[in-house]
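Please have the sequence and the structure in view while I speak.

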Amino acid sequence: MLQLKNNFIFAPIKLGYSDKTGVVKQKHIDFYKRVSEYLGAVIPEPFYMDKALRELPTQMGIDSDDKILGLQKLTSKIHESNTKVIAHLNHPGRMANPKIPGNIFLSSTDKPCENGGAIPERITRQEMQNIISLFVKSAIRAQKTNFDIIELQFGHGYLIAQFISPKVNDRTDEYGGNFENRIKFPLQILDAVKSAVDLPIIIRISGDEIIPDGIKLPEMIKLSGILKEKSVEAIHVSAGTVCNTPPWFFQHMFVPKGKTWEFAKKIKEHAKIHTIFVGQINTREDIEELTNKFNADYIAIGRALIADTDFIGKCLNKVAGNIRPCLACAEGCLGGVKSGQGLQCLVNPQIGKEIDIFNVAENSKNYAVVGGGLAGMEAALTLKKRGHNVDLYEKNELGGQFNLAPLTHKR
Ligand SMILES: Cc1cc2nc3c(=O)[nH]c(=O)nc-3n(C[C@H](O)[C@H](O)[C@H](O)COP(=O)(O)O)c2cc1C
């Protein structure tokens, strides 16, 4: 079992808060400090392992020694809360961002993703060796910068999944065809990382890619059993692929809650390995159900901790107040990342702000807020919390157009 203060983990979520150099910024440190306090571990956003393998122009890198200082600052800040830090290493393969100049696109196939993207080059043996070496160098850098655990991305339609998936891998050599061949390169990467560092390793997979002929649960149970034999500490069970089924990858509200939990449960039962449950875990009841009914070893949470950074603190009764619920809409978070502005949240205005808007202001001022709709009331409250004098003016009723919302139910 991983040595964590509790079994809650922040899931890997791209933030897009860096610049084109890929270094850690103060904004990363503030964000992860804020979400980490009540968690056993945090997985910061996936690191790029080479500048030519970026998913975002503003992604953090672990590709060279100029990143060391920033990464050390990040891990030491998170360690202040006695929270462990997990380095998530991923090669995007054909899913590298085609809009980033200089990116390269390698895969088990020479066919592009059906939903768009660059035409990839089929990887040669030499390139496979280079990729193994990239994983090893990145893992060593993670150990050097005081990460506690390594997570390898085997799922979500990225390079390693492009090898595992029978739908994508169309090689005719010993790395394509049957299951044993398709998992050969992924296992070579794991073996190389394992012998290069002295850190526990966890593996993220898609329990099912939710596409015909794609990765399916029975093969993932088989793979998990093999990973257990190789002393992998836990399997982090998500679903979908960034190529064909992004709503499953991002667990959009239209996707049924609990399907990924079923995958994790089956893997736990059949492969007898610890599993990390993830996907739309955003209420107290979800946590209770996963703990009591699913006997979850670990619970990873993404957006609910963005919507309310005290979500787990409140579930553990360490922080008072109601939970501000995540809508699982992906509008502010994914929308912000895709727009280039960086991660935000539709229901949490603090996310993505350079300053803590709830810090008390240095100079108290007098404010008049005109209009008592939801936005006006929130602005007035925030100003008050920051120590200002506030007058709120409303001609009619407080609540504004929100007062009309219940009427829609009467029709
Ligand atoms: C904006 C955004 C970016 C994400 N980026 C990644 C990623 O790069 N790699 C990854 O494995 N998962 C990524 N995820 C998926 C999350 O790790 C998680 O599995 C998903 O959000 C479901 O958990 P949740 O419902 O608790 O948010 C991302 C999710 C969101 C919303």
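I shall discuss the cysteines, and then a threonine.

This is a predicted model, in which local features need pLDDT of at least 70 and side-chain atom pairs count only at pLDDT 80 or more, while totals for chains, interfaces and linings use all residues. Residues are numbered from 1 along each chain as its sequence is written, and side-chain values use heavy atoms, with hydrogens and water left out.

A disulfide is a covalent bond between the sulfur atoms of two cysteines. Here the term denotes a pair of cysteine sulfur atoms within 2.5 Å. How many does a search of the whole structure find? The search finds 1 disulfide. C113 is joined to C243, with an S to S distance of 2.2 Å. Because C113 lies in the loop between β4 (106-107) and β5 (121-122), and C243 in the loop between β8 (234-238) and α8 (246-250), the pair ties together parts that are 130 residues apart in sequence. Helices (H or I, at least four residues) and strands (E, at least two) are DSSP runs, numbered from the N terminus.

The torsion about the S-S bond of C113 and C243 is about 105°, so this disulfide is right-handed. Are C113 and C243 buried or exposed? Both are buried, that is, under 20% relative accessible area, where exposed is over 50% and partly exposed in between (1.4 Å probe, protein chains only).

C329, by contrast, is in no disulfide, and the nearest cysteine sulfur, that of C333, is 6.2 Å away. C329 is buried, at 12% relative accessible area.

Finally, T309 is found in the loop between α11 (303-307) and α12 (311-315), and is buried, at 11%.
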